[in-house]
Each structure stands twice: as structure tokens, then as C-alpha cells.
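I opened this entry to keep track of what I looked up. The notes are in the order in which I worked.

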Amino acid sequence: MESNNMPDLNGVAKKTKGRQKIEMKKMRNESNLPVTFSKLRTGVFKKASELATLCGVDVAVIMFSPGNRVFFFGSPSVDSVVQRYKTQGPPPLLTLDLNKVHSTVDEVELHTHLHCLSNQIAIEKKRTKDLNHLAKAVEDQFWWARPIESMTYSQLDKYKKMLEEFKRQLKEKRGNLN
């Protein structure tokens, strides 16, 4: 993509390339790390907050920036979640030797699979949107096949006028045939 002006579906030139996929590997340009970290950190904290709110779970996220600064988020608080973890102990999965677990799971393969699934979801969402649009167009075209109860008064009035005009044209054609 050499040009920044890319046409969209309506034929209008877009000024940017839009949101692009990022390859999952450490960034080469060290000067971009703080900015990227800051943006992604905000997103991770937002997701943790949503998880806590929607599912009613206790969450703690602790991370160290590229500059070795500590950032954390907790719901209800980091201290309460860490204290609860200390008293209950780790779940069985975390007692495994993490080196053995890491060797059996290919992180790149998991990310690739996740991206494939995300792409499939996006395609299905677009397909659903297109089918809904098509169904709406068909519904508008064959309005007489819809139940009257599902129509609004303005639609009924519009269709009544259309039928009256059709009736008038039909009478006019019959008059021309005789």
C-alpha cells in the first residue's frame, strides 16, 4: 500500500490506512516502547476493570514499564487480591513447572490461531450485517408480504397511497383497452 489515500467501499478516498495488525514480537525500535506500553497498559487495565464489573470477580494486574516503573490495577484493590491469593494458595495449574508448560505451548502458534479466529469473527459479523441489510431490502421490496401488525401507521399510510395509485393506473389501462 504505497498511497495513504485508499478508496473505501463508497469510492471516497481514505486519508489513512486505518487500524493495522501488529506482529506479536518485541519491538525493535526502543524509543517506541514507552508510548506503546502506555497505550496497551491502559487497554489491559480497562479490560481488567470490565472483567471485574461484568463478572463480579476480584482482579489484580501488576506490571513493570520498560523504564522499570510499577503500574497496578486492582478490584477491589491489589492488596486484597494478593492477600486472598496468599491465603488460598495457587491453583493446581500454577504449581506446575512453568518451564515444562512453556515448552509444550507454542505462543506464536496460539497468537496465530487467535488472529485466525478474530478474522473469522469479523467476517461473520460483516456477513451478518450484509444479510440483515439484504433482508431489509427484500422486506421493503415485498412489503405486502409483511404482517400488517408489524407496520407503523406512516408505513400503512404510504402503502395505502401506493395501492390507490396502482388501482388508478389499473383503471386507466382498462379504459385504454376498451
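I am working with a predicted model.

**Helix 1.** Directly after helix 1 comes glycine 56, with a positive phi near 65 degrees.

**Burial in helix 1.** I listed the buried positions: Leu33, Phe37, Arg41, Phe45, Ala48 and Ala52. Arg41 is on that list, and I noted it as an arginine. The cover over the buried residues of helix 1 includes strand 3 (59-64) and strand 4 (70-75). For alanine 52 I checked contacts beyond four places in sequence and found Val57, Val59 and Ser75.

**Core.** Which residues make up the largest nonpolar core? I found eight: Phe37, Phe45, Ala48, Ala52, Val59, Val61, Met63 and Phe71. Helix 1 and strand 3 are the elements that contribute two or more residues to this core. Helix 1 gives the largest share, four residues.

**Serine 65.** I placed serine 65 in the loop between strand 3 and strand 4. Is serine 65 buried or exposed? Its relative accessible area is 10%, so it counts as buried. Leaving out residues up to four places away, serine 65 touches Phe37 and Phe71.

**Surface patch.** Ile62, Phe64, Val70, Phe72 and Val82 form a nonpolar surface patch of about 490 Å². Strand 3 and strand 4 each supply at least two of the patch residues. Phenylalanine 64 belongs to strand 3, and it counts as exposed because its relative accessibility is 55%.

**Salt bridges.** My search of the whole structure returned seven. I went through three of the pairs.

- Lysine 47 and glutamate 50 are joined at 3.7 Å, N to O. They sit three residues apart in helix 1, so about one helical turn separates them. Lysine 47 is exposed at 57%, while glutamate 50 is partly exposed at 30%.
- Lysine 161 and aspartate 157 are joined at 3.4 Å, N to O. Both lie in helix 5 (residues 153-177), four residues apart. Lysine 161 is exposed at 51%; aspartate 157 is partly exposed at 37%.
- Arginine 168 and glutamate 165 are joined at 2.5 Å, N to O. They are three residues apart in helix 5. Arginine 168 is partly exposed at 42%, and glutamate 165 is partly exposed at 33%.

I also noted that Glu165, Arg168 and Glu172 are linked in a salt-bridge network.

Key:
Residues are numbered from 1 along each chain as its sequence is written. This is a predicted model: local features need pLDDT of at least 70, side-chain atom pairs count only at pLDDT 80 or more; totals for chains, interfaces and linings use all residues. Side-chain values use heavy atoms; hydrogens and water are left out. Buried means under 20% relative accessible area, exposed over 50%, partly exposed in between (1.4 Å probe, protein chains only). Contact means heavy atoms within 4.5 Å. Patches are made of residues with over 30% relative accessible area and no salt bridge: like charges are joined within 9 Å, nonpolar side chains (Val, Leu, Ile, Met, Phe, Trp, Tyr) within 5 Å. Accessible areas come from the Shrake-Rupley method with a 1.4 Å probe; for residues, only the protein chains shown count as cover. A salt bridge is a side-chain nitrogen of Lys or Arg within 4 Å of a carboxyl oxygen of Asp or Glu. A nonpolar core is a set of buried Ala, Val, Leu, Ile, Met, Phe, Trp, Tyr and Cys residues joined through side-chain atoms within 4.5 Å.
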